[in-house]
There are 2 protein chains.
Amino acid sequence: MSVTLPGLEQIRDAAARIAPHATITPVLRSAALEDLLGAELHFKCENLQRGGAFKFRGACNAVWSLADDEARHGVVTHSSGNHGNALAMAAATRGIPAHVVVPEGAVRAKVEAIERAGAIMHRCAPTIAAREAKAAQVQQATGAILVHPYADTRVIAGQGTAMLELLQQSAGLDTIIAPVGGGGLLSGCAIAAHGMNPALAVLGAEPAGADDAAQSLARGARIESFVPDTVCDGLRTLIGEPNLEVLREHRVEVITVSDEETIAAMKLLWQNLKLVVEVSSATVLAALLKQRDRFAGCRIGLVLTGGNVDIDRLPW
Amino acid sequence: MSVTLPGLEQIRDAAARIAPHATITPVLRSAALEDLLGAELHFKCENLQRGGAFKFRGACNAVWSLADDEARHGVVTHSSGNHGNALAMAAATRGIPAHVVVPEGAVRAKVEAIERAGAIMHRCAPTIAAREAKAAQVQQATGAILVHPYADTRVIAGQGTAMLELLQQSAGLDTIIAPVGGGGLLSGCAIAAHGMNPALAVLGAEPAGADDAAQSLARGARIESFVPDTVCDGLRTLIGEPNLEVLREHRVEVITVSDEETIAAMKLLWQNLKLVVEVSSATVLAALLKQRDRFAGCRIGLVLTGGNVDIDRLPW
């Protein structure tokens, strides 16, 4: 897959393109969590984004980047949840069809949201190969344009707008951290962050049970298959090739955290920020807590990625 | 108890007085909830207020209304949770002691928050008589000024600032609704709302198992004792005399809801707004859902009162 990487300019273009449709999400702080960490914490609340996750940014940028004659056949993607929902919602803003390939076993709340958003649903087995095969099949049958969940220039640029906004909302940050699954968000954030301020420390947070990004960076070569074992349903994907390339170029450090650490951090977020965030989002706070001494006195921007949780099945 | 009722002017003064300490809380909307109701819904997020509840507004206004020689002996109150925490936090902003009388059986998360805020704790039996007796005793022993949770001009004016803000943030509302327990919030909101726009419909939401405000309005006389039976721990109090007077004068209608309706509404709020709100807050959405047809096409401001929940003991 060959993907041209976006620069800050493309991220600014994306911000303008999605502005009529996306929410400028608030940045919240918590005195109790700042006391606990001994650092300033600026939480970018993408759980309050349209569709309940940052994914709408990338999907919306992709949908509105298409020429009219490309767009009319619609868009297609495979997604365990948030990206599929985001693409369906973005397609609806342009009045074009969205085909979403959903693996069996995806979180119920997320699948329901995709259906409500009006997508044409296609089920498949819960493997990356099965998803990609089914998406290719739909693409050929309908002429729909594939919008990959993370290995896509338009998506990376769109996700980067979250960081652009955060840095405009919170002056003087020295560190930023976002979760890493496929890497669409983290790569977009790294490009935006260093475009705005090359001195920023850019960190990723990854579940230890899906630590392919951390391992790929350590080995200098991308791991091409693994069996994820983590409660973080949004982060079970392999990092994309172009996304890994960005992490390497931008010297992004990835901190891995256990599910136990993530669940404890999730509770802290619910209790102190009064926000419903999904478990994947909590990896960022877990990572900071794990290396607390190192971050003392820092001014840190954290991306809370989403809030689409089965509230009847909380992980504690 | 004789209490002078505040007017819009006192609420504006309170807003200026608390501005250095309180949070201007965001107003959030949800397309899914608006579709469900067929109405515009503007949620004033007091769960994101300092201390996790609107109570900080009234407590802060009370603390900063005191003359220096009154203030130095500190303040005292009795509270099942949020007001005690708020008063402790407000007292800390002025560097004066706060005594809080806490009834046995109060929500753990709330009691812990009061302790963390640095209050001097006094336990008592879980009855209104026991609370008031203990508070009077502390008052006599220390010279601390009583800041009643709701039957207090300064508190009513402070709580009213939530409505002042909401009406500044969301133009064109025609209806507003807030929960009613002691009535500090609802009375302050009614004064602020009608001060800004006399044509606004002002509604209260009350648990059927603690419907003394609704009954007192219906009978034309204040009910003086009752045994509350509701999961809404923040709304188990009798409405205060001056608070009831405001509701009468402002022709506030109180809609009662069952705990079942409230818990269903609470889940909807968590799932759609991605906010942790306490069960008492959900009465407002439950009330609107109960009379859905009546509110079709309205532009409604709803006060979400707090987010201090034991997340290990959710009511579903």
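Colleague: How many disulfides does a search of the whole structure find over all chains?
Modeller: This is a predicted model, in which local features need pLDDT of at least 70, side-chain atom pairs count only at pLDDT 80 or more, and totals for chains, interfaces and linings use all residues, while side-chain values use heavy atoms, without hydrogens and water. Residues are numbered from 1 along each chain as its sequence is written, with chains lettered from A and ligands numbered from 1 in the order in which they are written. Taking a disulfide as a pair of cysteine sulfur atoms within 2.5 Å, the search over all chains finds zero.

Colleague: How far is Cys45(B) from the nearest cysteine sulfur?
Modeller: Cys45(B) is in no disulfide. The nearest cysteine sulfur belongs to Cys45(A), at a distance of 11 Å.

Colleague: And which cysteine has the sulfur nearest to Cys298(B)?
Modeller: Cys298(B) is in no disulfide either. The nearest cysteine sulfur, 18 Å away, is that of Cys189(B).

Colleague: Is Cys298(B) buried or exposed?
Modeller: Buried means under 20% relative accessible area, exposed over 50%, and partly exposed in between, using a 1.4 Å probe and protein chains only. Cys298(B) has 16% relative accessibility, so it counts as buried.

Colleague: Then why is Arg222(B) called partly exposed?
Modeller: Arg222(B) sits in the loop between helix 10 and helix 11 of chain B; helices (H or I, at least four residues) and strands (E, at least two) are DSSP runs numbered from the N terminus. Arg222(B) is partly exposed because its relative accessible area is 23%.

Colleague: How far apart in space are Arg222(B) and Leu238(B)?
Modeller: Contact means heavy atoms within 4.5 Å. Leaving aside neighbours within four places in sequence, Arg222(B) has contacts including Leu238(B) and Leu244(B). Arg222(B) and Leu238(B) are 16 residues apart in sequence, and their C-alpha to C-alpha distance is 9.2 Å.

Colleague: Which residues of helix 6 of chain B meet helix 5 of chain B?
Modeller: From helix 5 of chain B, the residues taking part are Asn82(B), Gly84(B), Asn85(B) and Ala88(B). Their partners in helix 6 of chain B are Lys110(B), Ala113(B) and Ile114(B).
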